[in-house]
Amino acid sequence: MSTTEGRSNASFSDKRGNKIDTLAALCATAFIVILGIAAYWDRTIRVLHVFESLPYLVAAALCLRQRKFGYMLGASAGSFWLWTAGTLTTFVRNGFECVSMLLRTGHLDRPDVFIAAPAALVTGGLVIFSLWGYSRLRNKSWSDLLLLVTATGLVAGFFVAIFAAFAPQYLNMFRPIFGN
């Protein structure tokens, strides 16, 4: 009797875990769609956004497979985008201002800025669900902190590299950090 009950609890836990992993992957996928919409509207960032979508695609696939690096990559990529778009630029704030204007007036004058609001929500979801997915793993260890630092460094380096290669004007947002 306890064996059946144990299986039932494990099955419920696995289903809940799969839902969390699926939500992380859906958030990553939604962000990729938003990158695609932005690239459709602005052809100057198309190549940048193709490359920018890669970490999110990999994170989604690895989260669905419940891999530690996928959770770390999802949390790092989502956090990096939120940090750059929310604190180094006014993109996220301006996006939510567009949402507010739309709700007040029923008019949307800058859909290219408006999409920052759903982008912020889904990247925030990616961070939350990635961390939640990781928290459920049984084989956690302190060495995973090194994995998180590595993923964060790889994400930051990758994004700075693609900015430099495909849209160097975006490197200006890092000036306050690195100086001239």
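**Exercise 1. Find the nonpolar surface patch of this predicted model and say which helix gives the largest share.**

Step 1. Val47, Val50, Phe51, Leu54, Leu57 and Phe166 make up a nonpolar patch on the surface, together showing about 490 Å² of accessible area. Patch members have over 30% relative accessible area and no salt bridge, with nonpolar side chains (Val, Leu, Ile, Met, Phe, Trp, Tyr) joined within 5 Å and like charges within 9 Å. A salt bridge is a side-chain nitrogen of Lys or Arg within 4 Å of a carboxyl oxygen of Asp or Glu. Areas follow the Shrake-Rupley method with a 1.4 Å probe, and for residues only the protein chains shown count as cover.

Step 2. Helix H2 (residues 46–64) provides the largest share, five residues. Helices are DSSP runs of H or I with at least four residues, strands are E runs of at least two, and both are numbered from the N terminus.

A note on the model: it is predicted, so local features need pLDDT of at least 70 and side-chain atom pairs 80 or more, while totals for chains, interfaces and linings use all residues. Residues are numbered from 1 along each chain as its sequence is written, and side-chain values use heavy atoms, without hydrogens or water.

**Exercise 2. Decide whether Val50 and Asp21 are buried or exposed.**

Step 1. Val50 sits in helix H2. Val50 is exposed because its relative accessible area is 51%; the cut-offs are under 20% for buried, over 50% for exposed and partly exposed in between (1.4 Å probe, protein chains only).

Step 2. Asp21 belongs to helix H1 (residues 2–41). With 2% relative accessibility, Asp21 is buried.

Step 3. Now look around Asp21: beyond neighbours within four places in sequence, its contacts (heavy atoms within 4.5 Å) are Cys63, Leu64, Gln66, Tyr71, Gly133 and Arg136.

**Exercise 3. Describe the largest nonpolar core.**

Step 1. This core has 39 residues, and Phe31, Tyr56, Trp81, Phe159 and Phe163 have the most contacts inside it. A nonpolar core joins buried Ala, Val, Leu, Ile, Met, Phe, Trp, Tyr and Cys residues through side-chain atoms within 4.5 Å.

Step 2. Two or more residues each come from H1, H2, helix H3 (68–88), helix H6 (116–135) and helix H7 (144–166). H1 gives the largest share, nine residues.

Step 3. Zoom in on Phe159: apart from residues up to four places away in sequence, Phe159 touches Glu52, Pro55, Tyr56 and Phe80.
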